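Here's a quick tour of one protein model, meant to be read with the picture open. Have a look around first, then work through the points below.

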Amino acid sequence: MYTDIAIDHFTNPRNVGVLEDADGIGMAGDPECGDYLKIFLKVEDDFITDIKFQVHGCAGAISSSSMTTEMAKGLPIMAAFAITEHDIVNKLGGLPEEKIHCSLLGAMALKKAIVDYAQNRKK
Ligand code: FES
């Protein structure tokens, strides 16, 4: 069973879209199911000022992606980097057992977007 919080994020996902002038972009996919997630970041003074996502996936992936962006928005990048799939699942009030792996996409794509930001800044 999905929680009310997860259903809310699935039916009304937050921060869907693309940031054309993103400072960092991260993508994660699950080869088993073919689902994937792309996260776009805007960063100022090492704080995440805007975040958007595109996802192709199941209800678990959509609700996790939406929650990931809500959790990361406004955080210093190091705090956002520390967000784990367990944090995302907890914020959703849980996920059905067979959907817990879907939250990995959010945590992985966010980390990759932050690494991309850090690499872009070095250039
Ligand atoms: S089943 Fe693929 S991410 Fe949910």
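**Val-18 and its surroundings**

Not counting residues up to four places away in sequence, Val-18 touches Phe-40, Lys-52 and Gln-54; "touching" here means that the C-beta atoms, placed from the backbone, lie within 7 Å. Keep in mind that this is a predicted model: local features need pLDDT of at least 70, side-chain atom pairs count only at pLDDT 80 or more, and totals for chains, interfaces and linings use all residues. Residues are numbered from 1 along each chain as its sequence is written.

- You'll find Val-18 in the loop between α1 (4-11) and β1; helices (H or I, at least four residues) and strands (E, at least two) are DSSP runs, numbered from the N terminus.
- Val-18 counts as exposed because it has 11 C-beta neighbours inside 10 Å.

**Helix α5**

- Helix α5 covers residues 103-122, and its 20 residues reach 30 Å from first C-alpha to last, close to the 28 Å expected at 1.5 Å a residue (1.5 Å times one less than the number of residues).
- Its buried residues include Leu-105, Leu-110 and Tyr-117.
- The buried residues of α5 pack against β1 (24-29), β2 (36-44), α2 (59-72), α3 (77-81) and α4 (85-91).
- Leaving aside neighbours within four places in sequence, Leu-110 is in contact with Gly-26, Ile-39, Thr-68, Ala-72, Ala-80 and Ile-83.

How values were computed
Buried ≥ 20, exposed ≤ 12 C-beta atoms within 10 Å, placed from the backbone. Contact = placed C-beta atoms within 7 Å.
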